[in-house]
Amino acid sequence: MPGLKCDSLMIAHDEEIGVVYYPAKGAISTTTPRHAQVMEQMWRDYLDDKLSETDRKGFEDYVEQSFVDKPDLPMMKYTNLLETRTLGRLEILVANKCNLNCRYCYAHGGDYDCEAQVLTPELAKKYLHALFDERYISVDVVMLFGGEPTIAPDTIRTICEFFEQYSSLGLIEKMPIFTMVTNGTLIDEALAQTLKKYDVRVTVSVDGPPEINDQLRVDKAGNGTFARGERGIRLLQEAGNPPRMIEATYTTLHKELGYSKDDIRQHLQRYFGVEHILVANCETNGYDDSLVCLVEDIQSDYDNDSVRMELLQLRHKLLRKSFCDQPCGAGYDGTVALIPNGELYPCHRFVGESQYLLSRFDGRCFEFSYYPGVLTRLTDAHKLKNLQCKDCWAKALCSACPAGMLLEKITKEADEHTCKMERERNKKLLLALANEIQKNERVLAHC
């Protein structure tokens with residue numbers, strides 16, 4: 001081993017367990033808290049050049065021997081849109097307009113600072129024919145998005161019918177999974193039945209009880225929307241297709257009113273009877289940044305739904321046994337977003353950013369002459385090129401958003417704070433995973 005660098009190791013411990021993570025191999029080992037504490041101190045002294053030459057060499061050899069049976073992670077890359085016949089996720093912005101005007105909306109009232117438009121059923125069929133007659137044979141997930149997608153229920157039905165027909169005729173390899181993110185306020189009985197028929201996995205946005213929700217999630221006239229959102233959720237439940245998740249945005253208002261993330265999570269679970277609740281930090285949005293709230297919420301028992309989801313994602317990343325320096329597949333075969341005027345973007349977060357326009361429907365097909373230039377710009381978010389990421393031990397685990405890295409105008413201090421929080425979060429997640437591994441080993445030992 002030619003010497004360890006600052007991104008070569010991560011060592012953490014709590015009262016119950018210690019964990020050592022070796023990023024180059026994507027491997028972890030569990031140990032005692034005391035042993036991890038001693039290793040952590042040695043690692044600090046190593047990086048600060050406080051060890052003797054003999055101790056440096058001994059520490060390097062010890063680390064090498066601990067992971068000698070683990071191969072280095074091979075590099076994995078997403079395939080670009082011109083070289084693939086399959087898509088991971090197609091985001092269809094059924095409308096880039098919204099009936100609400102949420103105070104923290106990163107889409108600035110739902111229109112992404114573009115001309116507000118609604119995708120008609122006729123245009124939806126034209127776009128989908130162009131994509132799946134000419135270019136692609138499969139898509140794993142079709143995400144119905146906005147703005148607010150339920151503004152156009154006929155278009156939602158038409159999109160689902162298109163894929164049902166193409167799947168039955170063998171024109172695509174399989175029926176995609178349908179998902180939808182909605183504020184729930186426009187769902188009626190007919191739409192609830194359509195969503196049930198096509199097993200659309202619905203996420204509804206609610207920020208907490210009315211005293212909070214109705215200050216944040218307001219309509220164009222400034223009125224609260226909790227009651228209307230609740231009605232939509234109840235109609236989904238009555239149709240036999242309850243929301244798969246409720247998503248709340250945690251803001252400074254929640255803190256001021258004395259609600260923790262876990263308070264919101266438990267309230268929404270009890271009130272709506274929905275198990276999966278995601279409470280996400282309000283981040284920089286350019287609309288009302290006074291609501292931005294970056295709060296860590298991993299509890300000692302890790303017993304909340306969003307953390308369980310993150311643990312599953314972390315386990316998947318470790319089991320993947322490869323390293324991808326692309327933060328996500330946006331703009332590649334992982335994700336592409338279609339908006340009502342026939343433009344394609346890497347994902348919904350890039351909509352309206354002309355320098356990231358992938359393609360435009362020309363009346364017959366999607367023309368990709370812009371795409372090579374967009375690929376070049378997307379590489380600026382690659383982790384081995386980005387200075388924030390390349391020397392960070394968490395780069396293979398980090399869930400950094402390329403749109404956030406490339407588009408959001410935030411201060412260096414805020415950027416560093418976000419990265420610090422991400423590293424601390426991954427430390428805690430690795431400790432939680434190590435605890436799970438140790439518990440499973442104990443169970444197997446007694447079988």
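**Strands, helices and loops of the predicted model**

D113 is placed in the loop between β4 and α3 (121-134). In this predicted model, the phi angle of D113 is near 60°, a positive value in a residue other than glycine. Most residues other than glycine have a negative phi, and most peptide bonds are trans. The relative accessibility of D113 is 60%, and the residue therefore counts as exposed, the cut-off for this class being over 50%.

A second residue with this backbone feature is D199, whose phi is near 50°, again a positive value in a residue other than glycine. D199 belongs to the loop between α5 and β7. With a relative accessible area of 40%, D199 is partly exposed. A further backbone feature concerns the peptide bond from G146 to G147, which is cis, with omega near 20°. G147 is part of the loop between β5 and α4 (153-168).

The model contains an open sheet of 10 strands, arranged in the order β9-β8-β7-β6-β5-β4-β10-β11-β12-β13, with mixed pairing. Its edges are formed by β9 (277-281) and β13 (366-367), each of which pairs on one side only. Within this sheet, strand β4 (residues 86-95) runs parallel to β5, and 8 bridges join the two. Along this pair, T86 stands opposite S138 in β5, and R89 stands opposite V141 in β5. Of the 9 residues of β5, 8 are buried, so the strand is largely enclosed by the rest of the structure.

S138 is one of the residues of strand β5 (residues 138-146). Its relative accessible area is 2%, and S138 is therefore buried, since the class covers values under 20%. Not counting residues up to four places away in sequence, S138 touches R85, T86, L87, F132, E173 and K174. S138 and S167 are 29 residues apart along the chain, and their C-alpha atoms are separated by 9.4 Å.

Elsewhere in the 10-strand sheet, strand β6 (residues 177-182) pairs with β7 in the parallel sense over 4 bridges. In this pairing M180 stands opposite V202 in β7. Strand β7 (residues 201-205) is mostly covered, 4 of its 5 residues being buried.

Helix α5 (residues 189-197) packs against helix α7 (residues 226-238): their axes come within 9 Å and cross at roughly 50°. This angle makes α5 oblique to α7. The crossing of the two helices is right-handed. On the α5 side the contact is made by E189, A192 and L195, and on the α7 side by R231, L235 and L236. By class, the residues of the contact of α5 with α7 comprise 4 nonpolar, no polar and 2 charged.

Another open sheet consists of 3 strands in the order β1-β2-β3, with antiparallel pairing. The edge positions are held by β1 (10-13) and β3 (27-31), each with a single partner strand, so one side of each is left without a neighbour in the sheet. From one strand to the next the twist averages 15°. Strand β2 (residues 18-22) and β3 are paired in the antiparallel sense over 5 bridges, and in this pairing Y22 stands opposite A27 in β3. In a regular strand the side chains alternate between the two faces of the sheet.

The crossing in which α1 passes α2 is left-handed. Contributing to the contact are H35, M39, M42, W43 and Y46 of α1, together with R56, F59, E60 and Y62 of α2. The residues of the contact of α1 with α2 divide into 6 nonpolar, 1 polar and 2 charged.

Note on methods: Residues numbered from 1 in each chain as written. Predicted model: local features only at pLDDT ≥ 70, side-chain atom pairs only at ≥ 80, totals over all residues. Heavy atoms only, no water. Axes fitted to C-alpha atoms, helices over the stretch in contact; angles between N-to-C directions. Parallel < 35°, antiparallel > 145°, perpendicular 65-115°, else oblique. Left-handed = near helix turned anticlockwise from the far one by under 90°. Contact = heavy atoms within 4.5 Å. Nonpolar A, V, L, I, M, F, W, Y, C, P; charged D, E, K, R; others polar. Buried < 20%, exposed > 50% of the residue type's maximum accessible area, 1.4 Å probe, protein only. Pairing = 2+ DSSP bridges.
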